[in-house]
Amino acid sequence: MKKIFCLILFIGALIGSSMAQPRAIGGRIGYNLEFSYQHHFASRNMVDLSVGATNIWNRWAYAEANCMFDWVFNIHNGWNWYVGPGFGLGLGYGRNWRDFGYVPFRLNLGGQLGIEYQFRIPLNLSLDWRPMVNVVGINHRGENVPNYNPLYDGIYSFAIGVRYRF
């Protein structure tokens, strides 16, 4: 009987802890087009993981994965703002990227600053800015190009996010 009671208590604690840490899934659109997953911690911090394409409105683009760690601060009645560091990995593709000398692989470091509104229904809207600096870039011949386009989308990296919270 004690084992069953302990098992029920353990399962209840697991369910309670998973409900206490909300998550959100959705997308971001702007200079980038991304699929996004957010995981909030009990300390009001969050990890934002995104996968998508950057510079999609041009003849060449990057498939990119980003990981951002954000500190979240409450403003008022569902409004929050967040800021934090992160990194990204990108792989270039598109028409004639070799002719223009674009770097097909890159490692980026940067940050994110944004504001969000959480509705009473499980919907989250956000506007954020994610400037990234190209730390390592490797061209199509395998040569390291560290200073290639160092602030590749700093001023263009604004995006609107729409996410479903669960």
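**Figure 1. Arg28 is buried, at 2% relative accessibility.** Buried means under 20% relative accessible area, exposed means over 50%, and partly exposed lies in between (1.4 Å probe, protein chains only). The model is predicted: local features need pLDDT of at least 70, side-chain atom pairs count only at pLDDT 80 or more, and totals for chains, interfaces and linings use all residues. Residues are numbered from 1 along each chain as its sequence is written, and side-chain values use heavy atoms, leaving out hydrogens and water. Arg28 forms a salt bridge with Asp128, with the closest N and O atoms 2.5 Å apart. Arg28 sits in strand 1 (residues 23-30) and Asp128 in strand 7 (residues 123-129), so this pair ties together parts 100 residues apart in sequence. A salt bridge is a side-chain nitrogen of Lys or Arg within 4 Å of a carboxyl oxygen of Asp or Glu. Asp128 is buried too, with a relative accessible area of 1%.

Figure 2. Helices (H or I, at least four residues) and strands (E, at least two) are DSSP runs, numbered from the N terminus. Along the sequence, the pattern reads α-β-β-β-β-β-α-β-β-β-β. The chain has 166 residues, and 37% of them are buried. The chain exposes about 9,800 Å². Carbon and sulfur atoms supply 72% of that area. Accessible areas come from the Shrake-Rupley method with a 1.4 Å probe; for residues, only the protein chains shown count as cover. Now take contacts between residues at least 6 apart in sequence: 54% of them join residues at least 24 apart. Contact means heavy atoms within 4.5 Å.

**Figure 3. Glu34 and Arg130 meet through their side chains in a salt bridge (3.1 Å, N to O).** This pair links distant parts of the chain. Glu34 is in strand 2, Arg130 is in the loop between strand 7 and strand 8 (132-138), and 96 residues separate them. Arg130 is buried, with a relative accessible area of 2%. Glu34 is buried as well, at 7%.

**Figure 4. Asp48 and Arg130 also meet in a salt bridge, 3.6 Å from N to O.** Here Asp48 in strand 3 is linked to Arg130 in the loop between strand 7 and strand 8, 82 residues apart. The count for the chain is five salt bridges. A network of salt bridges links Arg28, Glu34, Asp48, Asp128, Arg130 and Arg163.

**Figure 5. Asp48 is in strand 3 (residues 45-54).** Its relative accessible area is 0%, so Asp48 counts as buried. The side chain of Asp48 makes a polar contact with the side chain of Ser36, at 3.1 Å. A polar contact is a pair of N or O atoms within 3.5 Å; within protein, one must be able to donate a hydrogen and the other to accept it, and residues adjacent in sequence count only if both atoms are side-chain atoms. Leaving out residues up to four places away in sequence, Asp48 touches several residues, including Tyr37, Asn66, Cys67, Gln112 and Arg163.

**Figure 6. Strand 2 (residues 32-40) and strand 3 run antiparallel, joined by nine bridges.** Two strands pair if DSSP finds at least two bridges between them. Tyr37 stands opposite Leu49 in strand 3. Strand 3 is mostly covered, with eight of its 10 residues buried. Four residues lie between the strands in this hairpin, and Arg44 takes a positive phi near 70°.

**Figure 7. The chain counts six aromatic pairs.** Phe73 and Trp81 form a stacked pair, 4.7 Å centre to centre with 25° between the planes. Rings of Phe, Tyr and Trp (its six-membered ring) pair if their centres lie within 6.5 Å; planes under 30 degrees apart count as stacked, over 60 as edge-to-face and the rest as tilted. Phe73 is partly exposed, at 36% relative accessibility. Trp81 is partly exposed, at 35%.

**Figure 8. Trp79 and Tyr117 form a tilted pair, 4.9 Å centre to centre with 50° between the planes.** This pair links distant parts of the chain: Trp79 is in strand 5 (residues 79-94) and Tyr117 in strand 6 (residues 105-118), 38 residues apart. Trp79 is partly exposed at 40% relative accessibility. Tyr117 is partly exposed, with a relative accessible area of 24%. Ring pairs link Trp79, Tyr117 and Phe119 into a cluster.
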